[in-house]
Amino acid sequence: MPLRVAAARRVLPVPSWLPVLPSSHHHHHPRMHHPVPYHTHHTHHTHHTHHTHRTRGLHSSSSSRPSSPHSPQHSPLHQHHQHQHQHHQQPRMTAADESRLVAAFQAIGLSEAKAKETAANKRLAPTLLQAITHAGAANGIDRAVGALLYHLASTISKPALPHLPFLALAVADARLASTDQVSAAIKFAETATAPFDQAAFNEACGVGVVVTPAQITAAVAALIAEKRAELDEKRYTFLGQLLSAMRIRLKWANTLALKEEIEKQVLAALGPKDERDDPKAKKKKEKEAAKVAAVAVDATAASASAASASTPSAAAPTERRIEDLAKSTKFIFEGELARLHRPGENPQIRPEIMAAHLKRTGGKVITRFPPEPNGFLHIGHAKALNINFGYAAAFNGITNLRYDDTNPEAEEEIYFTAIKDTAEWLGFKPDAVTYSSDHFQRLYDLAVELIRRDKAYVCHCTGEEIHAMRGGDSKGPRSECKHRNRPIKESIAEFKKMKDGKYKEGEAILRMKMDMQNPNPQFWDLVAYRVLFSTHHRTGDDWCIYPTYDYTHCLCDSFEDITHSLCTTEFQLSRESYYWLVDALELYKPVQWEYGRLNLTNTVLSKRKLNKLVTDGHVSGWDDPRLFTLAAVRRRGFTPEAINAFVREVGVTTANTVIPVERLEGYVRDHLNQVAPRYFLLLEPLKVVLTNVDADFCLEVTVPNKPRDDSYGSRVLPFTRVLYIDASDFRETADPNFFRLTLGTTVGLLNVPFPIRATGVTRDASGRIVEVRATYETGTSAKPKTYIQWVGESDKHQSPLRVDVNLVSKLFMHDNPQSKEDVPGGWLSDINPDSLRVVKGAMADTGLVGLGVEDKFQAVRVGYFCVDKDSVPGKGRYVLNRTVTLKEDSKKDK
């Protein structure tokens with residue numbers, strides 16, 4: 001393919017506020033046949049990967065390349081020049097600058113929203129703009145090429161950054177034609193010197209490599225033959241691991257082609273999926289064969305059919321098994337996670353550091369789930385749990401649960417207990433439970449070492465002063481703290497005074513000496529330690545200084561030999577400061593990789609907002625069933641399998657996602673449809689008296705707890721002279737579109753041999769119908785048009801069972817309650833006043849007796865429900881939470 005000609009390239013004007021690529025030590029690369037000179041320079045060795053940051057106390061910021069205390073950076077002359085240049089900074093971005101950036105980013109195929117988000121990212125925007133410029137894409141480019149340029153700019157590491165011009169051009173010229181190739185090129189560039197070795201670059205990045213269909217077929221066949229025993233054992237659940245192995249063997253093959261060939265050959269080897277792939281399939285076939293024989297009467301068969309009509313997906317020809325989806329590794333082996341490094345591949349500041357790490361771990365994948373114990377986990381944490389535990393499990397690794405307990409003011413024992421219980425409820429048992437506070441002494445010792453290396457100092461500035469030095473509200477010029485260059489011995493002495501309690505809170509902090517002129521706020525001399533006279537739940541009053549998240553997190557990852565520090569994209573800017581600190585102390589450096597947060601519509605997930613809802617009494621607590629904390633959805637009746645299946649099917653990308661809450665509810669509904677027994681529930685009971693039977697009439701009716709599944713057993717219900725139906729199932733006046741009970745017409749009662757006919761009504765003083773008189777139509781051969789649920793009145797059977805019901809709806813009326821456009825009055829004004837309706841005096845059949853707290857069932861024709869924690873089953877008191885409604889069916893109410 002011909003290379004792009006230099007004359008055809010239009011260089012975009014780079015806004016003055018954007019930092020430019022390093023440009024010292026220029027080199028020309030004739031061997032690469034560049035249409036324009038390719039410049040590079042040598043930098044200190046610092047590696048990348050995505051990171052995250054949570055700020056506590058004073059505002060955090062910044063990171064720069066590690067350097068020796070003896071390097072020129074630390075000479076008096078360098079410090080003098082650095083001081084002189086601190087006021088010559090880039091001006092802030094103007095509206096016109098932002099508009100031009102958005103237009104440039106849209107020209108390569110980004111959506112308007114993504115282009116605006118990227119333009120606001122001070123780290124990514126200049127890199128992407130320069131990639132576009134060097135690719136000659138100022139006038140637009142094919143969308144697929146634009147996506148690769150975005151991937152290049154958003155993932156390029158600092159050591160590879162000087163090679164950005166060449167890499168961007170290689171993307172434009174289609175030498176790098178996939179994200180795998182771009183990632184390989186970045187890795188190659190991290191250790192390469194200019195000029196590149198053409199052959200080595202091509203080999204490392206798969207340039208020009210074409211993997212034919214025949215090669216794919218042969219390689220897949222060889223792999224299946226090699227792994228046949230394991231395939232026979234794991235069957236279709238082994239597909240993801242086969243794909244992962246093939247991506248290593250045929251690194252440059254088209255992933256979709258690999259996937260299709262693997263599926264084709266596995267199908268040929270194993271045959272279609274059967275009961276071994278769906279353990280309930282065999283049982284289902286047996287029950288279907290016995291179904292007709294089990295039905296004694298035509299009417300009973302019809303009523304059983306009507307009962308199953310409220311569960312439409314049960315009879316679907318291809319039923320998706322939620323339990324299988326909850327264990328799927330597809331999101332590991334087929335998505336973004338499949339591209340992550342293997343243990344040992346992440347470069348270190350010194351090679352012997354990696355050698356020691358591998359000796360300690362044996363090359364095992366080690367991840368961690370590191371919550372702050374200052375609140376309850378929410379649905380977004382379910383994604384983090386699945387990613388961290390799922391990734392490690394997929395590679396036979398381990399995952400630690402680490403409490404990031406460095407903020408004693410906000411931490412309570414209830415949160416520690418709830419976090420572990422919730423993780424295990426979801427099915428994730430940690431290999432070890434650790435605490436950041438386990439390392440307080442070591443963290444302190446390393447802080448002293450950081451000062452000795454002239455990479456930290458004690459600061460006495462106020463929060464307002466620090467904010468001003470970081471540019472203030474106007475984001476103006478930044479300046480350094482006056483304490484920044486105090487003598488090392490002085491900072492050590494001051495830090496000890498902090499530890500000894502000589503300073504009050506706010507009078508002294510330890511800050512890392514990073515780079516105040518770096519455009520990344522996570523390099524603006526982050527706070528490492530602050531004074532807090534608070535009792536810690538584990539260490540008591542042993543400490544009056546506590547490390548910040550920015551200081552603690554990466555070091556604890558290093559201590560625990562974490563191989564993959566997986567976190568959400570709001571920590572992306574912190575990745576460089578994460579690496580800066582471990583390199584500054586010459587410790588083992590994990591790789592940080594960020595993924596997009598999971599958000600749902602019609603709710604809020606921030607701890608601050610959740611706490612506001614709880615403390616202001618808008619909800620009853622952190623486990624109020626209207627919330628989407630994991631404690632709340634557990635109480636509401638969501639199953640762990642449904643939550644995990646939802647998270648894994650949504651997948652893992654670097655984009656933040658807002659998923660309609662109905663989609664999650666769909667997974668819950670599908671799972672409950674598969675596993676929940678069926679009972680009768682009347683939200684608004686209406687008395688019916690059968691006038692043509694004796695007063696002591698009682699027919700005991702056997703009702704299956706789950707139609708077509710005998711394993712759920714059955715219950716015996718009393719059908720008596722006095723019974724109850726739901727008021728919504730009766731109308732006094734006939735309606736051609738209403739097929740239930742009206743005066744003069746019949747309706748079937750589920751599992752009762754014959755229908756009933758309404759003959760009259762009784763009203764109270766207000767005119768409200770309080771009783772329907774009816775006859776039991778024995779001997780009729782006519783089948784009713786529909787069937788309804790009912791409950792008989794019988795002292796002998798202790799029927800009906802009276803229950804209270806919480807009908808839960810969306811807590812917020814708008815998809816995004818935080819939208820200023822949709823909700824100008826603020827998010828609290830969007831609370832749905834009808835989000836909870838409490839029904840007192842509802843009736844249920846006696847099958848509910850014996851259910852325990854958190855047991856779930858389908859109320860036939862009503863919805864799915866869960867026994868609430870306020871129930872006292874032993875005393876017959878039941879409170880039910882509606883988990884989800886039944887699927888929409890326009891005919892179900894007729």
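This report describes selected helices, strands and single residues of a predicted model.

Local features are given at pLDDT of at least 70 and side-chain atom pairs at pLDDT 80 or more, while totals for chains, interfaces and linings use all residues. Residues are numbered from 1 along each chain as its sequence is written, and side-chain values use heavy atoms, with hydrogens and water left out. Helices (H or I, at least four residues) and strands (E, at least two) are DSSP runs, numbered from the N terminus.

Helix H5 (residues 143-155) and helix H7 (residues 179-191) cross at roughly 35°, and their axes come within 10 Å. Axes are lines fitted to C-alpha atoms, for helices over the stretch in contact, and angles run from 0 to 180 degrees between N-to-C directions. The crossing of H5 past H7 is right-handed, a term used when the near helix is turned clockwise from the far one by less than a right angle. H5 contributes Leu148, His151, Leu152 and Thr155 to the contact, and H7 contributes Thr179, Val182, Ser183 and Ile186; contact means heavy atoms within 4.5 Å. Four of these residues are nonpolar, four are polar and none is charged. In this scheme Ala, Val, Leu, Ile, Met, Phe, Trp, Tyr, Cys and Pro are nonpolar, Asp, Glu, Lys and Arg are charged, and the others, Gly among them, are polar.

Nine of the nine residues of helix H6 (residues 164-172) are buried, so H6 is largely enclosed by the rest of the structure. Buried means under 20% relative accessible area, exposed over 50%, and partly exposed in between (1.4 Å probe, protein chains only). The cover over the buried residues of H6 includes helix H4 (124-134), H5, H7 and helix H8 (198-205). Ala174, which follows H6, has a positive phi near 65°.

**Strands**

An open sheet is formed by four strands in the order S4-S5-S6-S7, with antiparallel pairing. Strand S4 (456-459) and strand S7 (545-547) are the edge strands, each with a single partner strand, so one side of each has no neighbour in the sheet. Neighbouring strands are turned by 20° against each other on average, direction ignored. Strand S6 (residues 527-531) and S7 are joined by three bridges; strands pair if DSSP finds at least two bridges between them. Tyr529 has Pro547 in S7 as its bridge partner. Helix H23 (residues 549-559) packs on the sheet, where it touches strand S5 (509-512), S6 and S7, and its direction makes about 55° with that of S7.

Elsewhere, strand S1 (residues 366-369) runs parallel to S2, with four bridges between them. Arg368 stands opposite Asn400 in S2. Five of the six residues of strand S2 (residues 398-403) are buried, so S2 is largely enclosed by the rest of the structure.

Arg635 lies in helix H26 (residues 630-636) and is buried, at 12% relative accessible area. Its side chain makes a polar contact with that of Asp623 (3.3 Å). A polar contact is a pair of N or O atoms within 3.5 Å; within protein, one must be able to donate a hydrogen and the other to accept it, and residues adjacent in sequence count only if both atoms are side-chain atoms. Beyond its neighbours within four places in sequence, Arg635 contacts residues including Cys866, Asp868 and Asn881.

| Residue | Phi | Loop between |
|---|---|---|
| Lys475 | about 55° | H21 (463-469) and H22 (488-499) |
| Arg861 | about 70° | S27 (856-859) and S28 (863-867) |

Arg861 is buried, at 17% relative accessibility. The peptide bond from Ser799 to Pro800 is cis, with omega near 5°, and Pro800 is in the loop between strand S24 (791-792) and strand S25 (801-808).
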